[in-house]
Amino acid sequence: MELSVIKEGNALLYIPDTRSATLKQGIIEPTHLPVFYNPVMTFNRDLSVVVLDAFIKKHLNNKEVAILDPLAATGIRGIRYAIEIERVSKVIINDGNRDSYRLMKKNVKLNGLENVVVHNRDANSLMRSLRFECKELLNIIDLDPFGSVMPFIHAALSISTKGTMLAVTATDLAVLGGSKPVAAKRKYQASLIKNRHYRETSIRVLLAYIARIAASYDKVIIPLMSYSVDHYLRLYLLIGRGARKADKMIEENIGYFTYENGIVLYDKNGRLGPIWTGKIMDEDFLREVLERLISKYRYLETYKRSQHLLDMLIQESSLQTYFHQRVDTICKHQHKSMPRMDKLIERINELNYRATRSTFSATGFRTDAPSDLIVRLCRESIS
Ligand SMILES: C[S@@+](CC[C@H](N)C(=O)[O-])C[C@H]1O[C@@H](n2cnc3c(N)ncnc32)[C@H](O)[C@@H]1O
């Protein structure tokens, strides 16, 4: 395998020569590489470094932590955690691919790291054996698969304990978001239809799926941060324990929705779902992440983008339990042209309701105003 060396964050990294996987217009197809590396995910990894740092401070009282990256490819994620986050005593990186294992070893050496352990195992059997045979206590588990994370959720939850952080990336938004209803039923036991709100749908469908599995292990999930950009979604979940708590979590946070006239509404008797209807982020935690970003991580390549995303998430978090709506979709159903977003938000505020833009779409907003009012405002087409 021909290699090149790059720098990402504060880590140096051998990656496979990308010429063999370069498509038209210079775009790289990472799955064509002998070992996966996707430069588009630098934003995901940059932000992960900051989120994990904030988590160690806020939820683990700055104690020494152990992190598991069981689907590691080049090892970049775990290696960056070992280099860029303080208080990391051990990182375990693993990949089932043999070429990947050799490359991870080289990358650990290249960065002179002694606290990073490399494995070449099936991720699920590694997770279970670390916990049940080796009695390892893992504070953070980061799942970053190709496509669906579903095959790794049972093992990750079974080894999580009170206070563990489970971080999850998923790129199967077409399934989770409703564009492939048959696959959504098969993989996530969710009834969905195609909708234009697929980013939030994906997050809430996956949260409901993970919550139900967590409950079956008498565990709960508390979402600290959830977002979807580019081709993926990302969740950061705090795990808790207790059968009663699990019953309460399911009772209070799992529900259904309807999708009519371009509006998404929670509906106890709805036919779509199940989805997570509760909070998808913790505003205090987001503020901690933003504070860590500004105070420690200005060197990140995606610093500005990270700051912008966090600002927007903080802004929309007070209305986060209201599903985001899309002004273009509502207006299309009313055969009206679209009002300007700022005008619409201003008008909703004048009527004593709250409204804010949403990260899920450039035409997306969250509001506590009733749906008939939103439709009426769109019909009036504020100019
Ligand atoms: C999307 S890549 C990981 C990317 C990496 N975390 C990063 O940030 O660059 C997913 C990796 O999971 C590995 N993988 C897939 N199924 C696996 C399994 N059951 N056990 C171990 N590794 C697996 C693949 O070989 C691939 O390298």
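Modeller: Glu-291 is partly exposed, because 15 other C-beta atoms lie within 10 Å of its own. The model is a predicted one, and Glu-291 is part of helix 10. The C-alpha atom of Glu-291 is separated by 36 Å from that of Tyr-188, a residue 103 positions apart from Glu-291 along the chain.

Helix 10 covers residues 283-296 and packs with helix 11, residues 303-317. The angle between the two is about 160 degrees, and their axes are 10 Å apart. Angles over 145 degrees count as roughly antiparallel, and helix 10 and helix 11 are therefore roughly antiparallel to each other. Their crossing is left-handed. On the helix 10 side, the contact is made by Glu-283, Leu-286, Arg-287, Val-289, Leu-290 and Leu-293. These meet Ser-306, Gln-307, Leu-310, Leu-313, Ile-314 and Ser-317 of helix 11. By class, the contact holds seven nonpolar, three polar and two charged residues.

Helix 4 can be described in a similar way, through its buried residues. In helix 4, residues 123-132, these are Ala-123, Leu-126, Met-127 and Leu-130. They sit on the same side of helix 4, because the arc they cover around the axis is only 100 degrees. An α-helix has 3.6 residues a turn, so residues three or four places apart point the same way. Ser-125 and Phe-132 are exposed and lie on the face of helix 4 turned away from the buried side. The buried residues pack against strand 4 (88-94), strand 5 (116-119) and helix 5 (150-159).

Helix 5 has buried residues as well, namely Ala-155, Ala-156, Leu-157 and Ile-159. Their cover includes helix 4, strand 6 (140-143), strand 7 (165-170), helix 8 (198-216) and strand 8 (219-229).

The backbone has some points to check. Lys-135, in the loop between helix 4 and strand 6, has a positive phi of about 55 degrees although it is not a glycine. Lys-135 counts as exposed because it has 7 C-beta neighbours inside 10 Å. Asp-230, also not a glycine, has a positive phi of about 45 degrees and is found in the loop between strand 8 and strand 9 (232-241). With 12 C-beta neighbours inside 10 Å, Asp-230 counts as exposed. Finally, the peptide bond joining Gly-273 and Pro-274 is cis, with omega about 5 degrees, and Pro-274 is in strand 12, residues 272-276.

Note on methods: Residues numbered from 1 in each chain as written. Predicted model: local features only at pLDDT ≥ 70, side-chain atom pairs only at ≥ 80, totals over all residues. Buried ≥ 20, exposed ≤ 12 C-beta atoms within 10 Å, placed from the backbone. Helix = DSSP H or I, 4+ residues; strand = E, 2+ residues; numbered from the N terminus. Arc of directions from axis to C-beta. Contact = placed C-beta atoms within 7 Å. Axes fitted to C-alpha atoms, helices over the stretch in contact; angles between N-to-C directions. Parallel < 35°, antiparallel > 145°, perpendicular 65-115°, else oblique. Left-handed = near helix turned anticlockwise from the far one by under 90°. Nonpolar A, V, L, I, M, F, W, Y, C, P; charged D, E, K, R; others polar.
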